[in-house]
Amino acid sequence: MVEKSELSRNTPDWWSQFFAPVRQFGERVAEFFAPSSEAAATPEAYEVSIELPGVSDADIHAEIRDGRLTISGEKKASREEKGKDFYFSERVYGSFRRTFRLPDDADTDRIQAVHKDGVLTVTIPKRVPTAPEAKKIRIERP
């Protein structure tokens, strides 16, 4: 199954450990503001969907590296309103990044991504398992 990935670091030194609580807090805040996602599997493929309303196709980037699917991009604020006495916004703007660890049977050579109605859907087909063939071994006499 596709899993959310925690980027593991090498064994931290004492300086890194000293700042670990701050770094972990920052990671939790970033995760809170990250776009919502879901992962599913069918017999034929894995599917990852991420809600990206208001994000243009040109601002979405997807890549596979070291068995991980990373979706990143930016939701840009392009609205300017003048002449109002008050203003509030509950919309979130800025950069985002989500990483998912892929299973060993994911066929990353046939991956597809579709962005429709504010949802990016990435489909990763599963490799067809191949049964290992028996190999005859010649036995020699000394």
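Thr121 lies in strand E8. The model examined here is predicted. With a relative accessible area of 22%, Thr121 is partly exposed. This follows because buried residues fall under 20% and exposed residues lie over 50%. Neighbours within four places in sequence set aside, Thr121 is in contact with Glu47, Val48, Ser49, Gln112, Ala113 and Val114. Glu51 is 70 residues away from Thr121 along the chain.

Strand E8 spans residues 119-125. Strand E8 and strand E7 run antiparallel and are joined by five bridges. Strands of a sheet pair through backbone hydrogen bonds, in either a parallel or an antiparallel manner.

Strand E5 covers residues 68-75. Six of its eight residues are buried, so strand E5 is largely enclosed by the rest of the structure. Strand E5 is joined to strand E4 (residues 60-65) by six bridges, and the two run antiparallel. E4 and E5 form a hairpin with two residues between them. Asp66 sits in the turn and has a positive phi of about 55°. Within this pairing, Glu63 stands opposite Thr70 in E5. Strand E5 is also joined to strand E6 (residues 94-101). Here eight bridges are found, again with an antiparallel run. Lys75 has Gly94 in E6 as its bridge partner. In a regular strand, side chains alternate between the two faces of the sheet.

Charge pairing was examined last. Side chains of opposite charge can pair when their charged atoms come close. A salt bridge was counted where a side-chain nitrogen of Lys or Arg lies within 4 Å of a carboxyl oxygen of Asp or Glu. By this rule the count is three salt bridges.

One of them joins the side chains of Arg65 and Glu63, with an N to O distance of 3.8 Å. Arg65 counts as exposed, because its relative accessibility is 54% and the exposed class begins over 50%. Glu63 has a relative accessible area of 36% and is therefore partly exposed. Glu63 is also the residue that stands opposite Thr70 in E5.

Another salt bridge links Asp107 and Arg110. Their closest N and O atoms are 2.7 Å apart. Asp107 is buried, because its relative accessible area is 12%, and the buried class lies under 20%. Arg110 has 46% relative accessibility and so counts as partly exposed.

Arg138 and Glu140 form a further salt bridge. The closest N and O atoms of Arg138 and Glu140 are 4.0 Å apart. Both residues, Arg138 and Glu140, are exposed.

Technical notes. Residues numbered from 1 in each chain as written. Predicted model: local features only at pLDDT ≥ 70, side-chain atom pairs only at ≥ 80, totals over all residues. Heavy atoms only, no water. Buried < 20%, exposed > 50% of the residue type's maximum accessible area, 1.4 Å probe, protein only. Pairing = 2+ DSSP bridges. Helix = DSSP H or I, 4+ residues; strand = E, 2+ residues; numbered from the N terminus. Contact = heavy atoms within 4.5 Å.
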